[in-house]
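Hi,

I am handing this structure over to you, and my notes follow below. Please open it beside this email and look up each residue as you read.

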Amino acid sequence: LSHPNTVAVFDFGQTPEGTLYYAMEHLNGVTLEDLVRISGPLPATRVLSILDQVCGSLREAHAQGLIHRDIKPTNIMLCEHGGLHDVVKVLDFGLVKDIQQDAPDLTQANALVGTPFYLAPELITDATVFSPASDLYALGGVGYYLLTGRNVFEGTSSVEICAMHLHDEPVPPSQLTTRKISTDLEKIVMACLAKEPADRPQGAAVMSEMLAQCQDYGACRQDQAQKWWADNRGALPMEGHEDNRSP
């Protein structure tokens, strides 16, 4: 994978002692979870930019038959990169699976794979039916989180959350925030969260085209992003600050 919004992996292998390793590009940025923790719900213009960049990463992976299977806020970073701000990097393809691979021992039908907060309904009942649509369900959950500061469903256990994914309808994001959310963006997020895969956008490329038709698309300017990074630099868990943590 070589898309600029996908973390670059330079090498991988196994040491003589049997330890598996991989070497990836060094990123200095903030996960979307930390971003919301610092700033709260984001304006729709910024959410559009982030979702569109993630779609670019997924579009390349899906075209090669690869499904991420663990799209969530902690697996997406926002970085300063190459003189630009708010550059998305999709991380942790550790659960990625080739949809052409049908070896039964790779995914058991009764094994949940992924994070319950962002798990597509079809994967709860059968973990072998992953598809690009299941990644887009999770991306809809990420968009929901960015717009509202909340997960689509909250519960006290994984079982309760999974049951909500299967049976409950999400509350529209506009009902959970005082920020203005355009109807077109909300429709896309809610379409991604459809229970049936066929009712979701039919691929990351299609979702990207839908995002490009939104009235706020392209309104998130580099000068605005640069100002946010300058204003919040002291609160970011990045190198050069007291609260350092590895990406």
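How many disulfides does a search of the whole structure find? The search finds zero (a disulfide is a pair of cysteine sulfur atoms within 2.5 Å). C79 is buried, with a relative accessible area of 1%, and C162 is buried too, at 7%. Here, buried means under 20% relative accessible area, exposed means over 50%, and partly exposed is in between (1.4 Å probe, protein chains only).

Before you go on, please note that this is a predicted model, in which local features need pLDDT of at least 70, side-chain atom pairs count only at pLDDT 80 or more, and totals for chains, interfaces and linings use all residues. Residues are numbered from 1 along each chain as its sequence is written, and side-chain values use heavy atoms, with hydrogens and water left out.

Let's start with a hairpin. Strand β1 (residues 9-14) pairs with β2 in the antiparallel sense over five bridges; strands pair if DSSP finds at least two bridges between them. Helices (H or I, at least four residues) and strands (E, at least two) are DSSP runs, numbered from the N terminus. Q14 has L20 in β2 as its bridge partner. Five residues sit between the two strands of this hairpin, where G18 takes a positive phi near 100 degrees.

Y22 is in strand β2 (residues 20-24) and is exposed, with a relative accessible area of 52%. Together with V9 and F12, Y22 makes a nonpolar surface patch of about 370 Å².

Now for some backbone angles. Most residues other than glycine have a negative phi. R69 is not a glycine, yet has a positive phi of about 75 degrees. You will find R69 in the loop between β4 (66-67) and β5 (76-81), and R69 is buried at 14% relative accessible area. D86 also has a positive phi, near 65 degrees. D86 lies in strand β6 (residues 84-90) and is buried, at 7% relative accessibility.

Last comes helix α4 (residues 132-148), with 17 residues. Its expected span (1.5 Å times one less than its number of residues) is 24 Å, which agrees with the 24 Å between its end C-alpha atoms. Because 16 of its 17 residues are buried, α4 is largely enclosed by the rest of the structure. Just after α4, G149 takes a positive phi of about 80 degrees.

Enjoy exploring, and write back with any questions!

Best wishes

Terms used: Patch = residues over 30% accessible without salt bridge, like charges linked within 9 Å, V, L, I, M, F, W, Y side chains within 5 Å. Areas by Shrake-Rupley, 256 points an atom, 1.4 Å probe, with all protein chains shown as cover. Salt bridge = Lys/Arg side-chain N within 4 Å of Asp/Glu carboxyl O.
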